Amino acid sequence: MPEKKKSHTYGPLLPGTYQTNVTVKNSLGTFFQKEKKDLWGNSEVSMIVDDSRLAQKSDNVQKGILEAVRKFNEDLSVYTTSGLDANKLSNATDSFKEDFSLEQAQFEAIKDYVNEVTSQYLGSVVNMDELSINHFDSDWKAEIEALVSYNEKIKYTGEKNYEDYSYKSLRKYTLKYDKNTKKWLVDDAEDAKADGSESSAWKNKKELKQKNGPVLKWVRSGDKSDI
């Protein structure tokens, strides 16, 4: 019978092939690793357990990250039609929200020249091959990218027609796992201009469809803004 000598060390074991089953528990959940080990002529056999790799392959972890990406993309339309109020980004970290303060100040300076702003989130395609998860300095962080699409228009003061600012973008996200809410929060996002064909080359992808996404609107009325 194998006997535990000290932490994470077991033995002695008879020569042969063994099926090992390891259970790993951390703040992201419980993960299982199976691996065959040959004990023929070796006095010691080691096994490396990579909890980051296990988390990256977990369906539940991937589901949480995809939901965080979907929610952030959706919230950006709310943000755009709220006078650029960063508090509308419901699943962004506080430090990331602070990065939007300059944009809000810029909008306040020009909003008298804007009558309406509309935004509609159309959906996204996530490149799962770019998913990476790491545990560093007691924090879980993830990186992933997606092709996102929005319909956006602005009607300026004195103009009858809208200016079309619709766009597609290749967005790269950095996410941080919040232990209190047990959810992934977006900690950074960087956009690069896209033509919409980028996802056709991705082998492992997830489509986050947005059926009949609402068209959100900001309207200037005198000195007040209606959302």
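Colleague: How many residues does helix 2 have, and how far does helix 2 reach from its first C-alpha to its last?

Modeller: Helices are DSSP runs of H or I with at least four residues, strands are runs of E with at least two, and both are numbered from the N terminus. The expected span of a helix is 1.5 Å times one less than its number of residues. Helix 2 has 22 residues and reaches 32 Å, close to the 32 Å expected at 1.5 Å a residue. This is a predicted model, in which local features need pLDDT of at least 70, side-chain atom pairs count only at pLDDT 80 or more, and totals for chains, interfaces and linings use all residues. Residues are numbered from 1 along each chain as its sequence is written, and side-chain values use heavy atoms, with hydrogens and water left out.

Colleague: Which residue caps the N-terminal end of helix 2?

Modeller: A polar contact is a pair of N or O atoms within 3.5 Å; within protein, one must be able to donate a hydrogen and the other to accept it, and residues adjacent in sequence count only if both atoms are side-chain atoms. Here the cap is Ser58, with a side-chain oxygen 3.3 Å from the backbone nitrogen of Asn60.

Colleague: How many helices and strands are there in the protein?

Modeller: The protein has four helices and twelve strands.

Colleague: What percentage of the residues count as buried?

Modeller: Buried means under 20% relative accessible area, exposed means over 50%, and partly exposed lies in between, with a 1.4 Å probe and protein chains only. Of the 227 residues, 37% count as buried.

Colleague: Which residues have the most contacts inside the largest nonpolar core?

Modeller: A nonpolar core is a set of buried Ala, Val, Leu, Ile, Met, Phe, Trp, Tyr and Cys residues joined through side-chain atoms within 4.5 Å. The largest one has 37 residues, and those with the most contacts inside it are Ile65, Val126, Ile133, Ile144, Tyr173, Leu175 and Trp184. At least two residues of this core come from each of helix 2 (59-80), strand 5 (114-136), strand 6 (139-156), strand 8 (167-178) and strand 9 (183-193). Helix 2 gives the most, with eight residues. There is also a second, separate core of five residues, which includes Leu147, Leu170, Ala194 and Trp202.

Colleague: Which residues is Gln120 in contact with, beyond its neighbours within four places in sequence?

Modeller: Contact means heavy atoms within 4.5 Å. Gln120 is found in strand 5 and is buried, with a relative accessible area of 17%. Leaving those neighbours aside, Gln120 is in contact with Ser77, Ser149, Tyr150, Asn151, Gly213, Pro214 and Val215.

Colleague: Is Glu143 buried or partly exposed?

Modeller: Glu143, in strand 6, is partly exposed, with a relative accessible area of 44%. The C-alpha atoms of Glu143 and Lys172 are separated by 7.3 Å, although the two residues are 29 apart along the chain. As for Thr174, it is found in strand 8 and counts as buried at 19% relative accessibility.

Colleague: How many aromatic pairs are there?

Modeller: Rings of Phe, Tyr and Trp (its six-membered ring) pair if their centres lie within 6.5 Å; planes under 30 degrees apart count as stacked, over 60 as edge-to-face and the rest as tilted. The count comes to eight aromatic pairs. Phe96 and Phe100 make an edge-to-face pair, at 5.1 Å centre to centre and 70° between the planes. Both Phe96 and Phe100 are buried.

Colleague: Why is the pair of Tyr150 and Tyr167 stacked?

Modeller: Their ring centres are 5.1 Å apart and their planes are at 20°, so the pair counts as stacked. The pair links distant parts of the chain, with Tyr150 in strand 6 and Tyr167 in strand 8, 17 residues apart. Tyr150 is buried at 1% relative accessible area, whereas Tyr167 is partly exposed at 26%.

Colleague: What is the phi of Leu84?

Modeller: Leu84 has a positive phi of about 60° although it is not a glycine. Leu84 is found in the loop between helix 2 and helix 3 (94-98), and counts as buried at 15% relative accessibility. Lys182, another residue other than glycine, has a positive phi near 60°. Lys182 is in the loop between strand 8 and strand 9 and counts as exposed at 63%.
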